[in-house]
Amino acid sequence: MKTIVSGIQQMGIGVANLQEAFAWYRKVFGVDIPILDDEGTAELMLPYTGGKPQKRHAILAISIKGGGGMEIWNYTQRTPQAPAFAPQLGDLGICITKVKTVSAQKSLEEMKLLGVELLSGVLKNPAGAAHFFMKDPYGNVFEVVEEGSWFGRSPRLTGGVCGAFVGVTDMEKSIKFYKEILGFDNIVFDQSDVFADLAAVSGGKKFRRVLLTHATPRKGPFSELLGQGYVELVQAFGYTPRKIFEGRQWGDLGFIHLCFDVKNMNGLKEICAQKGCPFTVDTGDTFDMGAAAGRFAYTEDPDGTLIEFVETFKIPILKKYGIFLNLRKRDPEKPLPRYILKALKFMRVK
């Protein structure tokens, strides 16, 4: 079977109050469809949880408009730790999450009314896309950026996650990783400067800034739902970056991983091993998370940023009626019929 990366499935976000955070992300971004809501023990993440299983509660929520979801993740028997320093753009890891919108200006106005902490007005990035920066109540920075790949209908302006800013130390090595492992084979721009549109989040630093996407549409069951994805790599000049999760555990406060939906995990495992980035965690078989089931694995980019892979076997479509979608016997390259995925709207939480 061919190995397929279908798109960005979700951004993991470690929080201290799960229900409060889920309510805020629903209100502000419209990620109001919980694909999973699971409380249990993270037994397989030992390399990143101090060598001990950790109890946690996670909600993975998406928007019917499309894009990746937000996996809101909360320790239940351990106090999640904040960074010991104030992370800056260019520090190593996921610095900023990208959320797509149909209109940056209208989203900015809407968020003003919602009382969101705005870090900038609407600006243009080097590719000409309108965007602005904002911060959630927990200190996480988001870029709201105009983007053109959409799925279902909703009165909301924003969709889900469409990418991330990732701090790196060796740009060429990182470009190779994201291209060869994750299929980001198109460089939208590659520029070095003190960027005016990053002034609110850059600390005035000069960066080499490379925006990657995929030249052709993704394939796979959820490819149309997940839409176009982007990784913006930033390498700071005259600044010694620190690891954002230095001295902390996976699941602590902040952006904990960037997750991709895949098909043929065994094939991907071989590719990662050949490219020098072997899996560090692998369930190896079906892993149940509440109503959903699949296999997950982790690798690291050249600077240790956690990349998760999920091969989905089962998801709820109409959970309260006991209707689930089994993906094992479907054509791995073919998108699921839109009417099936649009039925997820009946799982919305207001």
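This is a predicted model: local features need pLDDT of at least 70, side-chain atom pairs count only at pLDDT 80 or more; totals for chains, interfaces and linings use all residues.

Residues are numbered from 1 along each chain as its sequence is written, and side-chain values use heavy atoms, with hydrogens and water left out.

**Cavities**

- Two cavities of 30 Å³ or more are found in the whole structure, a cavity being a set of points on a 1 Å grid over the protein atoms alone where a 1.4 Å probe fits but cannot get out, with lining residues having an atom within 4 Å of a point.
- The largest cavity holds about 490 Å³ of space, and among its 33 lining residues Gln-9, Gln-10, Leu-36, Leu-60 and Val-310 are the closest to its centre.
- Strand 17 gives the largest share of that lining, six residues, where strands are DSSP runs of E of at least two residues, numbered from the N terminus.
- The second largest cavity, of about 30 Å³, is lined by residues including Gly-30, Asp-32, Arg-156 and Arg-348.

**Arg-295**

- Arg-295 lies in strand 17, which covers residues 292–300, and it counts as buried because its relative accessibility is 8%, buried meaning under 20% relative accessible area with a 1.4 Å probe and protein chains only.
- The side chains of Arg-295 and Asp-282 make a polar contact at 2.8 Å, that is, a pair of N or O atoms within 3.5 Å, of which one must be able to donate a hydrogen and the other to accept it.

Methods. Helices (H or I, at least four residues) and strands (E, at least two) are DSSP runs, numbered from the N terminus. Buried means under 20% relative accessible area, exposed over 50%, partly exposed in between (1.4 Å probe, protein chains only). On a 1 Å grid over the protein atoms alone, a cavity is a set of points where a 1.4 Å probe fits but cannot get out, and a pocket is an open set with protein on both sides within 12 Å along at least five of seven lines; lining residues have an atom within 4 Å of a point. Grid points are joined across faces, edges and corners, and a volume is the space filled by probe spheres set on the points.
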